[in-house]
Amino acid sequence: MATTTPVRTIHSIINDIGFVGHSLISISDLSDDQLYGLFELAKTLEPWNRSKIDLFPGAILGLLFFQPSTRTRMSFETAITRLGGKALVETNPEKTSSIAKEESLEDMMRCVCQYANVIVLRHYDDQAARSAAAVSTSPIINGGWGHWEHPTQALLDLYAMWRTFGHIKDLTVCVAAADMVEARTGHSMAYGLARLGAKIILASRSDRRTPPEVMAKLKDEFGVVPEEVLDSNQDSFNELVSGVDLIYLPGCSAPKGATSDFYRTIMDDYYVRAETLEAVRNSGRDIYITHTLPRRAGEMDLRIDDTDSQLCFRSISHSVNIRMALVASILGL
Ligand code: CP
């Protein structure tokens, strides 16, 4: 007689993840079992990606964004709405909240945690964010802190990888940015890949290489010493990436203006040509590229957007249900 896999309830998946009441400050706060549990929950919740499942009526998700955002803020807002709760959104706190009247971030947090069951905080200063998170009585989700980490973007990208390849272990991923110091998503992704057993290549300029504390954490916490490839030019970079399964471009959070203009010139060395990926696919092997977005003009060969290798926008199709899964696993049923 054929055996059948029992269908697990949302309640049992959330219970098994064991993250109720927890904060997500770093992607490394999640064990491999918890990551796979979140993937299973996200897949289970996918049918409600564009409708509604009233799991948490009355729940409030606070969204405090001290830096601009399209994807992180809107996908969390959509996620809590799909789960039957509501979002409390502050998109410009330095102008429209009492931060403008010199209130401290800690005092703001002491109050907002009385309204919101969970708070997503994006902030340009990771130390300030950490201090504010420490005084909150509601769980905090790091929505991107300084140059340090952006764990929910990595969670989304790991989930998209899992959905694309069916596994993550033993895949080779090149995390590449001219400036890996400011690539907070790159740091989180490297930890997540290490946690799930992928092979990691870190590519950057030597004067902006992956920070020593990130390398130390990869070694001490995960026993991983990634290959580092420094000072590529466009040809050598294209040769390097033609051997990997996924090219991961964490981009740069440089604002518009002179910094951005400089960044654009150095990104040219990390420009993946559509022909490179086409040659790999023609050899019979799958290869993918994703950019965590927003991408700047000139950072990516836009011809890739119309090929099977493009993962940037396909990942976005998962961003609501993976964030529903995260919020549900923290709220508990
Ligand atoms: N990837 C990402 O964090 O995008 P936003 O800055 O638009 O949220």
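The axes of helix α7 (residues 151-165) and helix α8 (residues 184-195) come within 8 Å and cross at roughly 50 degrees. This is a predicted model, in which local features need pLDDT of at least 70 and side-chain atom pairs count only at pLDDT 80 or more, while totals for chains, interfaces and linings use all residues. Residues are numbered from 1 along each chain as its sequence is written, and side-chain values use heavy atoms, with hydrogens and water left out.

Helices (H or I, at least four residues) and strands (E, at least two) are DSSP runs, numbered from the N terminus. Axes are lines fitted to C-alpha atoms, for helices over the stretch in contact, and angles run from 0 to 180 degrees between N-to-C directions.

**Two helix pairs**

α7 and α8 are therefore oblique to each other; angles under 35 degrees count as roughly parallel, over 145 as roughly antiparallel, 65 to 115 as roughly perpendicular and the rest as oblique. On the α7 side, the contact (heavy atoms within 4.5 Å) is made by P151, Q153, A154, D157, L158 and M161. From α8 come T185, S188, M189, G192 and L193.

α7 also meets helix α2 (residues 32-45), their axes coming within 10 Å and crossing at roughly 70 degrees. That makes α2 roughly perpendicular to α7. Among the residues in this contact are L35, Y36 and F39 of α2, together with L155, Y159 and W162 of α7.

| Helix pair | Axes within | Crossing angle |
|---|---|---|
| α7 and α8 | 8 Å | roughly 50 degrees |
| α2 and α7 | 10 Å | roughly 70 degrees |

**A helix with a buried face**

Which residues of helix α6 (residues 126-135) are buried? They are D126, A129, A132 and A133, where buried means under 20% relative accessible area, exposed over 50% and partly exposed in between (1.4 Å probe, protein chains only). Seen down the axis of α6, its buried residues fall within an arc of 125 degrees, so they line one face of the helix. That arc is taken from the directions from the helix axis to the C-beta atoms. Their cover includes α5 (105-115), β3 (118-123) and β4 (140-145).

Most residues other than glycine have a negative phi, and most peptide bonds are trans. L293, in the loop between β9 and α13, has a positive phi of about 65 degrees although it is not a glycine. The peptide bond from L293 to P294 is cis, with omega near 5 degrees. L293 is buried, with a relative accessible area of 12%. E102 has a positive phi near 70 degrees, but E102 is exposed, with a relative accessible area of 76%.
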